[in-house]
Amino acid sequence: MWSYSQIETLKPLFILVKILYIVVLKSILVFEMHELGIAQQIFDTVLDAVQREKVIRIYSININIGELMAVDAESLQFGFSILIEGTPLAGAVLAIRTVPIKALCNDCGAESVIEHYNLLCSRCKSRNVTVIDGKDLTISSIEVDTNGSHNA
Amino acid sequence: MEVITLERKVLAKNDEIAAENRRLFSDKKLLVVNLLSSPGAGKTSLLERTLENCRDRAKIGVVVGDIQTDNDARRIDIYQAPVVQIITSGSCHLDSKMVQSAVEKLNLDALDILIIENVGNLVCPTNFDLGEHYRVVVLSTAEGTDKPLKYPAMFHRADCVIINKIDLLPFTNFSVDEARTSISGLNSGAVIIETSCRTGEGIDIWCKWLFGKIIKQRVTA
């Protein structure tokens, strides 16, 4: 029979097995779709910040998705919700803001909001335009409790 | 509660390694092309035709990315071009780190052009810069005229779009004019070349484009 103290000493082993299980499960999931790969990148960046800033609770992660990135917000939410289970980011909400595509006309200098990916100056109809917004995927901020703010 | 500002690009890490790759390639005066398309559009056939057409004039190295099998690398091997196969084991795109490790296996000094054949996919590889100088997207007439509008981000970032399988036009309802209009709408700077890897039509125009870029690379590098 196992004594209690023997089981206690095995505890780290159980935890290790659980971590391995989660890691394997996630590595399978991550490769299944485009948005999961991006969710993983967000996860890594935020986890890094959370550890650096001594965060004790995370409420939300604010991200901006440029329309030109063609990232599906719903799939990203789904992927992210699976990734954060059982991690320091559990419970965090992914707040997604979609950034429309904006272009600057190289001929007349006007700025246009681009619809249906038709890169055209809305004033002079020139196609000689440069995309100036809506082409990036950024994490703008995180809303958290840190050791400092919690005590204050 | 407090707000911590991060303002960090999600793909920052990939972009950093991509910039390192590009610096290395430029230092070696090597032209690097990222070749993209959906599965079956003709990336490997285009590579075969390119090797056939250009091998007397330029040393071409190849990196091929596939989710499984090294069939593509074996197809290229026949042309005696240096080739490295990346098997991504499930990942739907190449990233800059994979390319960084792959090119270590090549003697870059002995090459004029490196063509990276990405995983067949018009979505995932879009946002992953590999450190290439030019992006070439292959679209085939069998796929339908609406492909560029369905995958706008991919076509927006292309430097050159190849409309392949042009010999199949009589058997499809593909409209070259319509495809050209939608590609130019997304990307007025993209060069569009019509080819048939089966008959060889247009391959010389494509190789001319490639050689123009080698010259440009040597002048600016």
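Colleague: At what angle do the axes of helix α2 (residues 43-54) of chain B and helix α8 (residues 203-220) of chain B cross?

Modeller: The axes of α2(B) and α8(B) cross at roughly 75 degrees and come within 10 Å. That makes α2(B) roughly perpendicular to α8(B), a label for angles of 65 to 115 degrees (under 35 is roughly parallel, over 145 roughly antiparallel, the rest oblique). An axis is a line fitted to C-alpha atoms, for helices over the stretch in contact, with angles from 0 to 180 degrees between N-to-C directions. This is a predicted model, where local features need pLDDT of at least 70 and side-chain atom pairs need 80 or more, while totals for chains, interfaces and linings use all residues. Residues are numbered from 1 along each chain, and chains are lettered from A and ligands numbered from 1, as written.

Colleague: Which residues of α2(B) and α8(B) meet?

Modeller: From α2(B) there are R49(B), T50(B), N53(B) and C54(B), and they meet I203(B), D204(B) and C207(B) of α8(B). Contact means C-beta atoms, placed from the backbone, within 7 Å. By class, this contact has three nonpolar, two polar and two charged residues. Nonpolar covers Ala, Val, Leu, Ile, Met, Phe, Trp, Tyr, Cys and Pro, charged covers Asp, Glu, Lys and Arg, and the others, Gly among them, are polar.

Colleague: How many helices and strands does chain B have?

Modeller: Chain B has eight helices and eight strands. Both are DSSP runs numbered from the N terminus (helices: H or I, at least four residues; strands: E, at least two).

Colleague: What does the C-alpha trace of chain B span along its principal axes?

Modeller: About 65 × 45 × 40 Å. Of the 221 residues of chain B, 46% count as buried. Buried means 20 or more other C-beta atoms within 10 Å of the residue's own, exposed means 12 or fewer, and partly exposed is in between. Among contacts in chain B between residues at least 6 apart in sequence, 75% join residues at least 24 apart.

Colleague: New topic. Where is L130(B)?

Modeller: L130(B) lies in the loop that links β5 (113-117) and β6 (134-140) of chain B.

Colleague: Buried or exposed, that L130(B)?

Modeller: L130(B) counts as buried, because it has 29 C-beta neighbours inside 10 Å.

Colleague: What is L130(B) in contact with, leaving aside its neighbours within four places in sequence?

Modeller: Its contacts are A18(B), N21(B), N34(B), L94(B), S96(B), V99(B) and I116(B). L130(B) and K29(B) are 101 residues apart in sequence, with 17 Å between their C-alpha atoms.

Colleague: On to sheets. What is the order in the open sheet of four strands?

Modeller: The order is β2(A)-β1(A)-β6(A)-β1(B), with mixed pairing. β2 (93-99) of chain A and β1 (2-9) of chain B are the edge strands with a single partner each, so one side of each has no neighbour in the sheet. From one strand to the next the twist averages 20 degrees. Two strands pair if DSSP finds at least two bridges between them.

Colleague: In which sense do β1(A) and β2(A) pair?

Modeller: Strand β1 (residues 55-66) of chain A pairs with β2(A) in the parallel sense over seven bridges. G66(A) stands opposite V99(A) in β2(A). Strand β6 (residues 137-146) of chain A pairs with β1(B) in the antiparallel sense, over six bridges. There E143(A) has V3(B) as its bridge partner.

Colleague: How many residues does each chain give to the contact?

Modeller: Chain B gives 26 residues and chain A gives 31. On the chain B side, β1(B) gives the most, with eight residues. That side divides into 13 nonpolar, nine polar and four charged residues.

Colleague: And the open sheet of three strands, what order is that?

Modeller: It runs β4-β3-β5 in chain A, with antiparallel pairing. The twist averages 35 degrees from one strand to the next. β3(A) and strand β4 (residues 111-114) of chain A pair over four bridges, with I101(A) opposite I114(A) and K102(A) opposite V113(A). These two strands form a hairpin with five residues between them, and G109(A) in the turn has a positive phi of about 85 degrees. β3(A) also pairs over four bridges with strand β5 (residues 129-133) of chain A, where A103(A) has V131(A) as bridge partner.

Colleague: Which side chains of β3(A) are buried?

Modeller: Along strand β3 (residues 101-105) of chain A, I101(A), A103(A) and C105(A) point to one face and are buried.

How values were computed. Two residues are in contact if their C-beta atoms, placed from the backbone, lie within 7 Å.
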